[in-house]
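Hello,

Here is the structure I promised to pass on to you.

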Amino acid sequence: MPERRQALGTVVRAPDATDIDDVVELLTVASAYDNRPQLRRMLAAGAEGDTSRVWVAEREGVVVGAAALTEMPSLPGSVSARIAVRESERGQGLGTALADEVVAAVDARTGSGAVTCGLRDDLPRGRLFAERYGLAVTNHNIGWSIDLCQSEEDLQKHLVRHTDRAAVRLRRADVDTESALVMAVASRCVIGFPVPFGTGRNVDMRSALNAVPRDATVFLAESDEEAGGPPRGLAVMAPGAGGTVWHTVFTGVDPDHRRRGVGSALKAAVLMEARRAGARVVTALSDEANEPITRLNRAIGMERTVGYWSLARALDAGAGTG
């Protein structure tokens, strides 16, 4: 073990089953929204195969830091790096000790791609830390939140008004039996969207769909005027921990049907579904370069909250040593 870590009295090691709760809580701290279920699945996948690497920093029997390096199937060749240290332990080199492990694992990779990091935009020290390792900001995603203070009756009226205006009907999709349809619609809806992490790579929509939370609700906006025609947009939403906060994972409209109120109808459906499920708050994230979504979120009464920076560094083809 390097002398610096010995001086800190810290051990950096692979986690065991008793560490999972600590790792999930630590890595959630740096996320722009509560993604505990996804983190747990990621950790489970790492235990079962080679899709991720996880480390913990332990001092006197207490986990005080964690790091993870995760494959990103939706962006082939890319890996996501996450590092978090308990607030009371920061500034003592623990982040650097964990980063040493992540860097060694990244350097051992072969092929082209990118190492990425999504970091809350209210953590400037974390951003500076990532930039020390050559990552640069590629995108900024705005955080949004709305308190569901309206009655269910008012939300229903709001939903009817927007679906009538957009001439669409909304229905829940069965992701298990309609995955091909959902994937086709999503592929159309991301046309013109900012590229995630500035990678310049096409998003693998099948992998992105597989990453959708299992308890998510998917709405399709279908035409009231064209029976049997392709859906004009979709929205994906999922409950957070506790169920009182729901998160809008994705809202998109086919480019041939934008500026016709379809997005407003989908947003209204999200609010109505969350309200019926007992949620008190709905959150969302959107790239600040996506001005139509920014206008739409403001129009429905959402307010800006914590967002996140996307950072990335290209990996050199053939640079791996292992």
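The accessible surface of the chain comes to about 15600 Å², and carbon and sulfur atoms hold 49% of that area. Please keep in mind that this is a predicted model. Among the 322 residues of the chain, 47% count as buried. The fold is built with ten helices and twelve strands. Looking at contacts in the chain with a separation of 6 or more, 72% are between residues 24 or more positions apart.

Now to the inside. The largest nonpolar core has 30 residues, and the members that touch the most others are Val262, Leu266, Leu271, Ala274, Val282 and Met302. Several elements each supply at least two residues of this core, including the strands S6 (136-147), S8 (217-223) and S9 (233-239) and the helices H6 (152-166) and H9 (262-276). Helix H9 gives the largest share, with nine residues. Apart from this core lies another one of 17 residues, and Trp55, Val85, Val102 and Leu315 are among them.

H9 is 15 residues in length and reaches 21 Å from its first C-alpha to its last, which is close to the 21 Å expected at 1.5 Å a residue. How many of the residues of H9 are buried? The count is 13 of the 15, so the helix is largely enclosed by the rest of the structure. Leaving aside residues up to four places away in sequence, leucine 266 touches Leu170, Phe219, Ala221, Gly233, Leu234, Ala235, Thr251, Gly252 and Val253. Just after H9 you will find glycine 278, which takes a positive phi of about 95°.

Where does alanine 14 lie? It sits in the loop between strand S1 (10-13) and helix H2 (20-29). Is alanine 14 buried or exposed? Its relative accessibility is 53%, and because the cut-off for exposed is over 50%, alanine 14 counts as exposed. Even so, alanine 14 has partners from elsewhere in the sequence: not counting residues up to four places away, it touches Val54 and Val56. With valine 54, which is 40 residues apart from it along the chain, the C-alpha atoms are separated by 6.2 Å.

Happy browsing, and do write back with any questions.

Best wishes

Terms used
Residues are numbered from 1 along each chain as its sequence is written. This is a predicted model: local features need pLDDT of at least 70, side-chain atom pairs count only at pLDDT 80 or more; totals for chains, interfaces and linings use all residues. Side-chain values use heavy atoms; hydrogens and water are left out. Helices (H or I, at least four residues) and strands (E, at least two) are DSSP runs, numbered from the N terminus. Buried means under 20% relative accessible area, exposed over 50%, partly exposed in between (1.4 Å probe, protein chains only). Contact means heavy atoms within 4.5 Å. A nonpolar core is a set of buried Ala, Val, Leu, Ile, Met, Phe, Trp, Tyr and Cys residues joined through side-chain atoms within 4.5 Å. The expected span of a helix is 1.5 Å times one less than its number of residues. Accessible areas come from the Shrake-Rupley method with a 1.4 Å probe; for residues, only the protein chains shown count as cover.
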